[in-house]
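The exercises below ask you to read a protein fold step by step. Try each task with the sequence and the model in view before turning to its solution.

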Amino acid sequence: MKQDVGELRYRCCFVILHYKTIDETRSCIESILQLDDIKRDAVVVVDNSYHISDTGRKLLEQYIEKENIFFITNYDNSFFSHGNNLGYQYAKKLGVKLIIATNSDTLFPQKDFCVKLLKAMKKHSFYVCGPNIVEAVSGSGTSPIAWECSNKKETMREIEYYHNECERIRGGISNELNKAMSRRCPKIFLPVRNWQMEVMKKWIFRKHQYPVLQGSCIIVSWLYTLENDKLFYPETELYGEEQLLSFRCRENGYKIWYEPKLKVIHKGGVSVSNDYSDMVARTILTYERMIKAREIYLEYIGKRE
């Protein structure tokens, strides 16, 4: 639905989905507050764990004096995509040029992040933008996660793979879990590998207009917000939001831009336990959610092919 852009009250608005982990969310907010000229920007924190944790209310008490930090509550405690959509819709009403939907376990180390972002928007006129998302431990860039969204055949193959892998894990005969726990790149080689990856991204990006961006930090401009009431649609709960976003951008001719000059640190997995039994349960749950997300994606693209 198109609408007038109206008065733009802020340059950028950071939408943070908070779920129980108060230290991570606080660190994310503090990194944003250190950015240059932050009074021209806003932060929207979505409390996505209202009924099971009081951490959102503790954060509200801590930042209640900050006029550019807004707290909203998701009383349904729904998943990732719906929680982000609530924050996105609130940010739209505030009147902003750019919305940065970011995980609570991210950090923004560049003080001129918003300046760089606005320059990229002016130069490339994107609808959707993805920064260089760097793993906290390895220093590896993790975005884009793919150079184009999956087609129907590929998605069906992925669903079959995750179904089979769940059964193998339950039966104790999966090698994938052991590989995941033991797979490491020696630290001495990481700088070279990371440099090679960034060079390769620049070359590949010239040929692929609609990459699948890493979902821990997604940026949309007013060009996108003018035409879309939701950031993620259809809502998949967890996983697969990036695939659907890429497909919808291709479908509507929305420009996606990967901007390597923008750096975001992602701490995901840093504090995750390496206990094997815990990893088994977590991996099965993850795969089941991936199956559900891909089924939603498959239904969506099936109506359009």
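## The chain as a whole

Residues 24 or more positions apart account for 85% of those contacts (heavy atoms within 4.5 Å) in the protein chain that have a separation of 6 or more. This is a predicted model, in which local features need pLDDT of at least 70 and side-chain atom pairs count only at pLDDT 80 or more, while totals for chains, interfaces and linings use all residues. Residues are numbered from 1 along each chain as its sequence is written, and side-chain values use heavy atoms, with hydrogens and water left out.

**Exercise 1.** State how many helices and strands the protein chain has, and what percentage of its residues is buried.

*Solution.* Begin with the elements, which are DSSP runs numbered from the N terminus (helices: H or I, at least four residues; strands: E, at least two). The protein chain has 10 helices and eight strands. Next, take buried to mean under 20% relative accessible area, with exposed over 50% and partly exposed in between (1.4 Å probe, protein chains only); buried residues then make up 49% of the 305 residues.

**Exercise 2.** Give the order of the strands in the sheet and name the edge strands.

*Solution.* Two strands pair if DSSP finds at least two bridges between them. On that basis, eight strands form an open sheet with mixed pairing, in the order 3-2-1-4-7-6-8-5. The edge strands, each pairing on one side only, are strand 3 (69–73) and strand 5 (106–107).

**Exercise 3.** Describe strand 2, its pairing with strand 1, and the directions in which its residues point.

*Solution.* Strand 1 and strand 2 are paired in the parallel sense by six bridges, and Phe14 stands opposite Val43 in strand 2. Six of the six residues of strand 2 are buried. In a regular strand the side chains alternate between the two faces of the sheet. Here Ala42, Val44 and Val46 point one way, whereas Val43, Val45 and Asp47 point the other way, and all are buried.

**Exercise 4.** Work out how helix 1 and helix 2 lie relative to each other, and which residues make their contact.

*Solution.* Axes are lines fitted to C-alpha atoms, for helices over the stretch in contact, and angles run from 0 to 180 degrees between N-to-C directions. The axes of helix 1 (residues 22–33) and helix 2 (residues 55–63) come within 10 Å and cross at roughly 30°. The two helices are therefore roughly parallel to each other (angles under 35 degrees count as such, over 145 as roughly antiparallel, 65 to 115 as roughly perpendicular and the rest as oblique). Helix 1 contributes Ile22, Thr25, Arg26, Ile29, Glu30 and Leu33 to the contact, and helix 2 contributes Thr55, Lys58, Leu59, Gln62 and Tyr63.
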